Amino acid sequence: MLVIFLYGFNLGHYIHMTTILYSHDACFGHNPHVGHPECPERLSAILSALDAPNFKNLKNCQPPLATVEQIVRVHDYSYVTWALAEMKERGNVIFDNDTCTSVGSYEAALRAAGSACAAIDSIMAEKAKNAFCAVRPPGHHAEYSHAMGFCFFNNVAVGAAHARFVHGLERVAVIDFDVHHGNGTQAAFWNDPNLFFGSTHQSPLYPGTGNKNERGVAGNIINVPLKPCAGSEEFRNAMDNIVFPALREFSPDFLLISAGFDAHSDDPLASLNFIDDDYYWVTNQLCAIAADYCRCRLVSTLEGGYHLESLGRSAAAHVAALIDAQ
């Protein structure tokens, strides 16, 4: 009986300590146009970095296609069905000057949205302690009824709605440290006091939202704009003194991360000065909060990051912290 007990204990401990990596080859098929910063090479850089020996225990999973039902929990039905039909039938569709598709975008967009839902299902089934969705296109700029900022469907918001609708979780939080403000996520969460959105981002910068006075229906939105050239000290102070206390007060049942790595000092699309270790640090802190408040339940999904070398290093630091979380 003792042997059986110990075997069961060790197996449960192994499952608890697993981090899942969700990715899919279809995400390489979204290729807007030559020279576009949101390029397939971004995903190659991340997956190459995660192929190092210290990531050998990552559990690799392929995300399913999101369903229309999952997506329309946060997006207008007419927009979703129109956008999917355009992507599938025409392939090359221009939504705006920054946001366009290719033949492979239809499946990539559905896999990206589906990854957050699948990752949440795995965490809730106790198959892992946390997960990182290395997928593209990104999602946090996508609004209720239109695409923008390289984004078609709001992957992290779709995941948050899935956690509530399918798993009955009441309070879901998203922390977004992308250099650009997640306007789409903020809009999706604005009127629901049981949804929390916390963001650090450069300001002024695209998309122009994210003022600290934008607080949501019940103070459930926390924005900390960072001035151009701000770096590690300003970022860590903002998280320690504003975002983390508000997140703890919210007391989430599930924690999601919009993991953008374009606040790095090397990134060409903005002018913040984060370093690789900032991404380990913030992830480590968020994992600790998840352990204290929501049984370690945490899913991260890729947003921005456009300097390939620093993107790979930063994502590796982020995933290393997920793996190291207790």
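Me: The largest cavity has about 50 Å³ of space. What makes a space a cavity and not a pocket?

Reply: It comes down to whether a probe can get out. On a 1 Å grid over the protein atoms alone, a cavity is a set of points where a 1.4 Å probe fits but cannot get out, whereas a pocket is an open set with protein on both sides within 12 Å along at least five of seven lines. The volume is the space filled by probe spheres set on the points, which are joined across faces, edges and corners. Keep in mind that this is a predicted model, where local features need pLDDT of at least 70 and side-chain atom pairs count only at pLDDT 80 or more, while totals for chains, interfaces and linings use all residues. Residues are numbered from 1 along each chain as its sequence is written, and side-chain values use heavy atoms, with hydrogens and water left out.

Me: How do you know which residues line the largest cavity?

Reply: A lining residue has an atom within 4 Å of a point. By that rule Lys129, Asn130, Cys287, Ala290, Cys296, Leu298, Ala325 and Gln326 make up the lining. They split into 5 nonpolar, 2 polar and 1 charged. For the classes, Ala, Val, Leu, Ile, Met, Phe, Trp, Tyr, Cys and Pro are nonpolar, Asp, Glu, Lys and Arg are charged, and the others, Gly among them, are polar.

Me: How do you know how far to trust the coordinates?

Reply: Go by pLDDT, the predictor's confidence in each residue, from 0 to 100. The chain averages 94, and 95% of the residues score at least 70. Residues 1-15 are another matter: their pLDDT is below 50, and beyond near neighbours in sequence the stretch has 4 contacts (heavy atoms within 4.5 Å) in the model. Where pLDDT is low, the predicted coordinates should not be read in detail.

Me: Why is the pair of phenylalanine 196 and phenylalanine 250 called tilted?

Reply: Rings of Phe, Tyr and Trp (its six-membered ring) pair if their centres lie within 6.5 Å; planes under 30 degrees apart are stacked, over 60 edge-to-face, and the rest tilted. Here the centres are 5.3 Å apart with 35° between the planes, so the rings pair, and the pair is tilted. The pair links distant parts of the chain, 54 residues apart: phenylalanine 196 sits in strand β5 and phenylalanine 250 in helix α8. Helices (H or I, at least four residues) and strands (E, at least two) are DSSP runs, numbered from the N terminus. The whole structure has 12 aromatic pairs.

Me: What makes cysteine 229 worth a look?

Reply: Most residues other than glycine have a negative phi, and most peptide bonds are trans. Cysteine 229 is not a glycine, yet its phi is positive, about 80°. At 56% relative accessible area it passes the exposed cut-off, so it is exposed. Cysteine 229 is in the loop between β6 and α8 (232-250). Glutamate 126 also has a positive phi, near 60°.

Me: And which peptide bonds are cis?

Reply: One joins arginine 136 and proline 137, with omega about 10°. Another joins serine 203 and proline 204, with omega about 5°.

Definitions and conventions. Buried means under 20% relative accessible area, exposed over 50%, partly exposed in between (1.4 Å probe, protein chains only).
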